Amino acid sequence: MKTVYIYNKVKESLRTTLFLVAGALLFTGCSDFLDIQPMNSTVLENYWKEKADVTGAVNGCYEALASEDVIKRMAIWGELRSENVVLGTLTNSQYQNTYNNLNEMLKENLLQTNEMCNWSSIYNVINRCNIVCHYAPEVEQIDPNYTNNELKATIAEMKTIRALCYFYLIRTFRDVPYVTEPSIDDNQNYVVPATKFEVVLDSLVNDLESIKNDAQRRFSVEKVVNKSISVPAENNSRITRWAIYALLADLYLWKGDWDNVIKYCDLVMDYKAQQYNELIQTDQISDVELFDGVPMVLEAVKGQQDVGNTYTSVFGQGNSFESIFELYYTGGTGQENKWVSNFYGNGNNNIGLLKASECLMDGFTTDQNQIWISQKDCRAYESLESEGTSYAITKYTRPRASFSLLRLGIVKINDSRRSTPNSNWIFYRLSDVMLMKAEALIQRGEADWPEAFKLINNVYKRANNIAPETTTGSLSYETYSSSREKMEDLLFAERHREFLFEGKRWYDLVRLARRDGKTERLASCAIRKYRQDINVIKIKLTDPNYIYFPYAKSELKVNPLLKQNPAFDKGEDGNLN
């Protein structure tokens, strides 16, 4: 497939064209048709005839979003430049080039030739969504089985996935080409300049506001089977109305519209409370409890002493009660999450291409650590573990976690790594919504700080296995309430602990820097992991342009309207040095 401008152009074959539209699921039983049809956009028009065509195309969009190329970029863009990770171990020669590129990035040596600056796989997902939005209305006119309400729900799903992709792009590159029309005909010209960050952000908000009420609330109803709750995976692994609300809250957070952040977070939290009440009426839920009205999965199931249940539910099994939107990987003959298995570790290699930075655990056993307030914080044991002189990333890599905190310090969890790369990848979960609301409350003013603190403290209490009604061992409001900056530091520190290795930390620091209008707090956090060249890296990060990535050299060649990020417009490779 040939890449032209910002989209993968369809030029090689009809098979490639149909793959772009609907994904590999559509190939079964179509070989004769593929062989005889002409290779132009008429094929696409002939394809969109019935509801099943739309369903296949929608599945293709989710498959593309879940591909390794996409998730690898989204996670690396949001994680690598933070203090969380350093270079791990190369165990697969297939990843040699990636390993070298990661090494350069970890030295803050960002080159426009680095493969991680290539955004084509993200724009491929965007184009798939654009194609569905373009053709699905025609199907609704032809097939009576495809209703107008179903059409609107489809458009809502596609526009939300598209918005999610653009949200990743602007947080990574700042200004990006923004196109909502599909690339169908080779005669179309997609040489377009980059649209400003703020303009794209406003467009995404307006787009989602226009379709938010068209999305499905649930795809399946929760069922009680043998007195245990069965939560259908598709309610979390497809775009629902609640996923749109969570994304809108995040977009408004970056806009600085605090009232709307709070509005959409409340809608999600109210829904989770309603869902909890529905489930509690039909069955006893032993591992979910209300924290000031917000239901959260407990670290220890009632009646048991061992902790780790939150990890097992949220990251091990996946599709937990707290999930809002995550990608579902079946492993085996289905789609595999190779990002986690290759970059974080697997059953054969405890350390992948990346490992946890030592700064995360420096001084942990002597209470001198910069990250963890308490040695009883379960997340310190669930997210990483000592591996010789290094720290392996364990979040997502285990199917379960169960351990005792009677012995503090470095706890070794006995549960092994996954043998099959089938861990889900989470975009939004309930604690994220709680902390987004807390951030907005802090920014709205001192009168809202007690409520913000309560939300932060509840996330902290759950992670430290402190009962909802207990105050002993929890955070103290007076410690942080003397200034907005202290409240912000508390909020971002709690987000750091809660979302380790989930591809959010660098974006949190960028958002903080944008709000500050300077990069001091970002730089002070990011340099924690470095042992050498600290001043050189710190100087680079003082440039507000440098906190974004350069455009790929290949994109600059084919799109003369793209102007390189000024931090990278020096030298052949676009590096400051």
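## The β6–β7 hairpin

In the hairpin formed by β6 and β7, two residues lie between the strands, and Asp 292 there takes a positive phi near 50°. Helices (H or I, at least four residues) and strands (E, at least two) are DSSP runs, numbered from the N terminus. The model is predicted: local features need pLDDT of at least 70, side-chain atom pairs count only at pLDDT 80 or more, and totals for chains, interfaces and linings use all residues. Residues are numbered from 1 along each chain as its sequence is written, and side-chain values use heavy atoms, with hydrogens and water left out.

Strand β6 (residues 288-291) runs antiparallel to β7, and four bridges join them; two strands pair if DSSP finds at least two bridges between them. Phe 291 stands opposite Val 294 of β7. In a regular strand the side chains alternate between the two faces of the sheet. Within β7 (residues 294-297), Val 294 and Met 296 point one way, Pro 295 and Val 297 point the other way, and all are buried. Buried means under 20% relative accessible area, exposed over 50%, and partly exposed in between (1.4 Å probe, protein chains only).

## Helices α8 and α9

The axes of α8 (residues 148-173) and α9 (residues 197-211) come within 10 Å and cross at roughly 160°. Axes are lines fitted to C-alpha atoms, for helices over the stretch in contact, and angles run from 0 to 180 degrees between N-to-C directions. The two helices are therefore roughly antiparallel to each other, a label for angles over 145 degrees, with under 35 counting as roughly parallel, 65 to 115 as roughly perpendicular and the rest as oblique.

Residues making the contact (heavy atoms within 4.5 Å) include Ala 156, Tyr 166 and Phe 167 of α8 and Phe 197, Leu 204 and Ile 211 of α9. The loop between α8 and α9 holds Arg 174, a residue other than glycine with a positive phi near 75°.

Phe 501 lies in the loop between α19 (484-498) and α20. Its phi is near 65°, a positive value in a residue other than glycine, and Phe 501 is buried, with a relative accessible area of 0%.

At 1.5 Å a residue, the twelve residues of α20 (residues 505-516) should span 16 Å, which agrees with the 17 Å between its end C-alpha atoms; the expected span is 1.5 Å times one less than the number of residues. Nine of the twelve residues of α20 are buried, so the helix is largely enclosed by the rest of the structure. Among the buried residues are Arg 505, Trp 506, Asp 508 and Arg 511. Just after α20, Gly 517 takes a positive phi of about 80°.
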